[in-house]
Amino acid sequence: MHSRWRAALLAVAVAAMAAVVSACGGRGGGPLGTEYEYEEDLAIRLDGSATLVINASVPALVALRGLPLNTALNTRADELRTQLRSLYSSEHTRVGRISSWARRGRRFVGVHLVVDDIRALTGVAPLSWATYDLRQEGEQFVFRQTLSKPSSPGPLTAGLTGDEVVAFRLHIPARIRFQNSRYLEKDESRPAARGNIVTWEQRLRERLQGKPIAYAEDRTPDVMEARMDRQSILYRTLWLFGIAFVAAMLVIAALIWLTMRRGGKPEGAAG
């Protein structure tokens, strides 16, 4: 009887812990997901403030934005960080951590930015190829990012072929009601991840040519757009996490109590 109880409680514990992991899990894709040569990861708030992380190879930054950076793999990390901090700094942005690593024979960097108003991002030189907008329209908030063709691209170096993937990821604090991302290799609408994450992807050569990145149905294909509810999903997520965590703790406590109760049974006690 005790074995059956333990098996049932263990199954509940596994389910509860799975809910906890799902509630606090990271972004989609996993460690074996798509490798991006250039990626903008933008997390916005409904007041217009945002954090932006640019993860890119140095050769891709040179090719897409024409930045005056040394593409050699053995470039000094401190020298590279100083250059990037100067390039991404402005009166409206605060540059945080700048990381560096190597992959596929190329130097990659991660630049963390904080901005009080996403509209000011276009004033940052490496981000001037885009305009950003967030406004309320009726019962929804609408985000739009318009990309233009790189004005002064650099050459493809360090083994770049043009087949590499660039991406623009958007994290939204409310449930998405419309978005126009599409699959990489076909012009079909791509669903949002977990209800509030959208990713637009494109081949490097297509971005250099200024080809449309968004799914075109009845809207301008050059504009990445997402419409969301006015109500944040943060509180709902916290409630779900709290419920899952409490359930897991109760199950674990029950398992411990049953184990101790059986372990304390007198040896002479017989049925």
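User: Which residues form a nonpolar patch on the surface, and with about how much accessible area together?

Analyst: In this predicted model, the nonpolar patch on the surface is formed by M249, I252, I256 and M260, which together have about 370 Å² of accessible area. M249 is found in helix α5, which covers residues 234–263.

User: How many helices and strands are there in the chain, and what share of its residues is buried?

Analyst: The chain has five helices and ten strands, and of its 271 residues 39% are buried. The chain exposes about 14800 Å², of which carbon and sulfur atoms supply 56%. As for contacts, among those with a separation of 6 or more, 65% are between residues 24 or more positions apart.

User: What does Y38 touch, not counting residues up to four places away in sequence?

Analyst: With that exclusion, Y38 touches I54, N55, A56, A60, L61, L64, L127, W129, V165, V166, A167 and F168. The relative accessible area of Y38 is 0%, so this residue is buried.

User: How many aromatic pairs does a search of the whole structure find?

Analyst: The search of the whole structure finds four aromatic pairs. One of them joins Y38 and F168, whose centres are 6.2 Å apart and whose planes make an angle of 55 degrees, a tilted arrangement. Because Y38 lies in strand β1 (residues 36–44) and F168 in strand β7 (residues 165–171), the pair ties together parts that are 130 residues apart in sequence. F168 is buried, with a relative accessible area of 1%.

User: Why is the pair of W101 and F108 stacked?

Analyst: The angle between the planes decides this, since planes under 30 degrees apart count as stacked. The rings of W101 and F108 have planes at 20 degrees and centres 5.9 Å apart, so this pair is stacked.

User: Which residues form one aromatic cluster?

Analyst: That cluster consists of Y38, W129 and F168. The list of residues that Y38 touches includes both W129 and F168.

User: How many salt bridges does the structure hold?

Analyst: The structure holds 16 salt bridges. In one of them the side chains of R103 and E35 meet, at 3.7 Å from N to O. R103 lies in strand β3 (residues 93–103), while E35 lies in the loop between α1 (2–23) and β1, so this pair ties together parts that are 68 residues apart in sequence. R103 is partly exposed, at 24% relative accessibility, and E35 is also partly exposed, at 41%.

User: Are R144 and E225, whose side chains meet in a salt bridge, buried or partly exposed?

Analyst: The side chains of R144 and E225 meet at 3.4 Å, N to O. Because R144 belongs to strand β6 (residues 140–147) and E225 to strand β10 (residues 223–232), the pair ties together parts that are 81 residues apart in sequence. On your question, R144 is partly exposed, with a relative accessible area of 24%, whereas E225 counts as buried at 5% relative accessibility.

Conventions
Residues numbered from 1 in each chain as written. Predicted model: local features only at pLDDT ≥ 70, side-chain atom pairs only at ≥ 80, totals over all residues. Heavy atoms only, no water. Contact = heavy atoms within 4.5 Å. Patch = residues over 30% accessible without salt bridge, like charges linked within 9 Å, V, L, I, M, F, W, Y side chains within 5 Å. Areas by Shrake-Rupley, 256 points an atom, 1.4 Å probe, with all protein chains shown as cover. Salt bridge = Lys/Arg side-chain N within 4 Å of Asp/Glu carboxyl O. Helix = DSSP H or I, 4+ residues; strand = E, 2+ residues; numbered from the N terminus. Phe/Tyr/Trp six-rings, centres within 6.5 Å; stacked < 30°, edge-to-face > 60°. Buried < 20%, exposed > 50% of the residue type's maximum accessible area, 1.4 Å probe, protein only.
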